[in-house]
Amino acid sequence: MKVVVVGGGAAGSLILPKLCQLQKQVDSLEVVLIDSKEFFEFTPGMVSVLSQPNLNAFLKEFNKTTTLYEDLFSKFKFKFIHQRVKTVTENEVFLQNSESVSFDFLIYCAGSNYPSVFKPDSFKVFKLTERREELQAFRQQIETSKDIICIGAGIVGIEMATDLKGYYPDKTITLFNSREDFPMVQEIQEALHNVFNKQNIKVFHNERVENLSNSGTVTTKHSNDHIHYDLSIMCTGIKPNSQPFQEHFPSHINSKGYIHVNQYFQLEGYNSIYCIGDVNDVQEKLYSLAHLQAIHFIKNFTQLVKQINSPMVYKTVDPPLMFSVGPKKGISYINGKVITGFDKTGTCFVTYNRQFFQWINFKPNLNMHLNDFIYKFAHPYE
Ligand SMILES: Cc1cc2nc3c(=O)[nH]c(=O)nc-3n(C[C@H](O)[C@H](O)[C@H](O)COP(=O)(O)OP(=O)(O)OC[C@H]3O[C@@H](n4cnc5c(N)ncnc54)[C@H](O)[C@@H]3O)c2cc1C
């Protein structure tokens with residue numbers, strides 16, 4: 001039985017070692033990973049990589065945030081194909097180099113693309129060295145720019161603006177938000193107003209910024225401020241990587257580009273094709289949710305190949321939120337409670353927590369155990 005996993009990001013990098021473990025119980029299980037990049041990258045760590053104030057610190061952080069798949073999964077038995085999937089059919093995937101790979105089961109975890117360097121462009125086939133050069137060049141641009149604007153006030157924009165101010169206190173950092181306020185619950189909004197005031201980062205809410213050039217001036221619509229910038233950083237606009245489904249399954253893609261799946265993450269009507277993580281139309285797009293979906297999938301899949309029990313329906317959960325508001329501080333929101341620290345501008349507890357999660361993502365065995373535990377905690381009755 002041949003199982004093809006497309007994408008070794010948050011979901012894929014948890015599913016792959018789990019499938020390899022299953023090989024011990026199901027002899028005939030052949031596992032293949034296809035990814036357009038040859039390396040694993042911990043996406044939530046990318047803001048920190050780009051904000052580092054010098055080359056040595058950048059290289060150190062880059063090495064903590066990326067690693068070749070062959071190194072990460074050196075203890076597991078699978079075949080890696082470094083290619084981009086161009087088209088998916090009912091029983092085969094076609095690659096950018098015109099080759100094809102057949103499958104009995106396809107686990108499609110191709111995630112989403114981002115309009116700036118926070119994620120490698122999934123339309124390109126990337127080597128680790130190319131990725132390092134791309135990020136290094138962008139970091140250099142940040143270092144040499146005095147006035148920087150960040151567009152988008154979600155997690156990425158908040159982290160980028162506050163990390164930059166933390167590492168470069170003399171730069172002018174401005175954040176633009178197209179909505180009325182930060183897109184979070186009121187308690188977090190209040191905490192963020194505190195943080196941005198204290199750090200002296202100007203935020204313009206309700207201002208949609210479009211058609212930016214490399215440098216220039218933005219005139220705000222409401223207050224008529226003129227904001228000069230040497231560099232703009234897009235921190236918004238994720239696009240699901242559903243293009244390979246466009247030709248053969250156009251009716252399964254919704255108006256925002258997400259692939260519609262059933263309660264078991266299967267492509268409706270096709271029991272052998274699963275779509276997991278950012279690319280499907282289930283819930284918000286978060287690392288922790290991609291992990292929970294991955295564990296749920298593997299539980300069902302294990303039962304399927306062993307031919308026991310019928311599959312369990314996936315139940316959505318409210319995940320805890322954790323994000324940084326500077327190099328050494330963060331805010332979290334767990335079970336309706338905001339944790340902001342004593343002075344209400346973030347706590348190092350969140351930073352240590354995130355560093356721990358990053359570290360464990362590079363230890364596949366521990367990562368599997370930890371996520372099994374988190375899944376049980378989130379779904380106590382299963
Ligand atoms: C800068 C940034 C910071 C973030 N911070 C947080 C955070 O703090 N907390 C949080 O919960 N979430 C965060 N997120 C969101 C989180 O990273 C995503 O929700 C998560 O990575 C989704 O996991 P995934 O496995 O679905 O996809 P990804 O992790 O995007 O993995 C997709 C994989 O598929 C590969 N791929 C794509 N297309 C193809 C193709 N056609 N052929 C072959 N391979 C392909 C890619 O190379 C990649 O390896 C952040 C996102 C960004 C961009």
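Trainee: How many bridges join strand β21 (residues 330-334) to β22, and do the two run parallel or antiparallel?

Mentor: 3 bridges join β21 to β22, and the two run antiparallel. Keep in mind that this is a predicted model, where local features need pLDDT of at least 70, side-chain atom pairs count only at pLDDT 80 or more, and totals for chains, interfaces and linings use all residues. Residues are numbered from 1 along each chain as its sequence is written.

Trainee: Why are β20 and β22 at the edges of their sheet?

Mentor: The sheet is open, with 3 strands in the order β20-β21-β22 and antiparallel pairing. β20 (321-324) and β22 (337-339) each have a single partner strand, so one side of each has no neighbour in the sheet. From one strand to the next, the twist averages 10 degrees.

Trainee: Which strands are the edges in the sheet of 4 strands?

Mentor: That open sheet runs β13-β12-β11-β16, with parallel pairing. The edges are β13 (202-204) and β16 (231-234), as each pairs on one side only. Its twist averages 20 degrees from strand to strand. Inside it, β12 (residues 172-176) and β13 pair in the parallel sense over 3 bridges, and L175 has V203 in β13 as its bridge partner.

Trainee: How do you know that β18 and β19 count as a pair?

Mentor: β18 (residues 266-267) and β19 are joined in the antiparallel sense over 2 bridges, and the rule asks for at least two, so they pass. Q266 stands opposite Y274 in β19. The two strands form a hairpin with 2 residues between them, and G269 in the turn has a positive phi of about 90 degrees. On the parallel side of things, β9 (residues 105-108) pairs with β19 (residues 270-275) over 3 bridges, with C275 in β19 as the bridge partner of Y108.

Trainee: Which hairpins involve β7?

Mentor: One joins β6 to β7 through 3 residues. β6 (residues 85-88) and β7 (residues 92-95) pair in the antiparallel sense over 3 bridges, with T87 opposite F94 in β7. In the other, β7 and β8 have 4 residues between them, and S98 in the turn has a positive phi of about 75 degrees. Again 3 bridges join β7 to β8 (residues 100-102), running antiparallel. F94 turns up here too: its bridge partner in β8 is S100.

Trainee: On to helices. Why are α1 and α8 called roughly parallel?

Mentor: α1 (residues 12-22) and α8 pack at an angle of about 20 degrees, with their axes 9 Å apart. Axes are lines fitted to C-alpha atoms, for helices over the stretch in contact, and angles run from 0 to 180 degrees between N-to-C directions. Under 35 degrees counts as roughly parallel, over 145 as roughly antiparallel, 65 to 115 as roughly perpendicular and the rest as oblique. α1 and α8 are therefore roughly parallel to each other. The contact (C-beta atoms, placed from the backbone, within 7 Å) is made by L14, I15, K18 and L22 of α1 and H291, A294, F297, I298, T302 and V305 of α8.

Trainee: And what makes α1 and α10 roughly perpendicular?

Mentor: α1 and α10 (residues 364-378) pack at about 100 degrees, with their axes 10 Å apart. That angle falls in the 65 to 115 band, and α1 and α10 are therefore roughly perpendicular to each other. L14, P17 and K18 of α1 meet P364, N367, M368 and N371 of α10.

Trainee: Last one: how many residues surround the ligand, and which are closest?

Mentor: 38 residues surround the ligand, and the closest are G7, G9, A10, G111 and G277. A residue is near if its C-beta atom, placed from the backbone, lies within 6 Å. The elements giving two or more residues to this shell are β2 (30-35), α2 (46-51), α6 (155-167) and α8 (287-305). α8 gives the largest share, 3 residues.

Note on methods. Contact = placed C-beta atoms within 7 Å.
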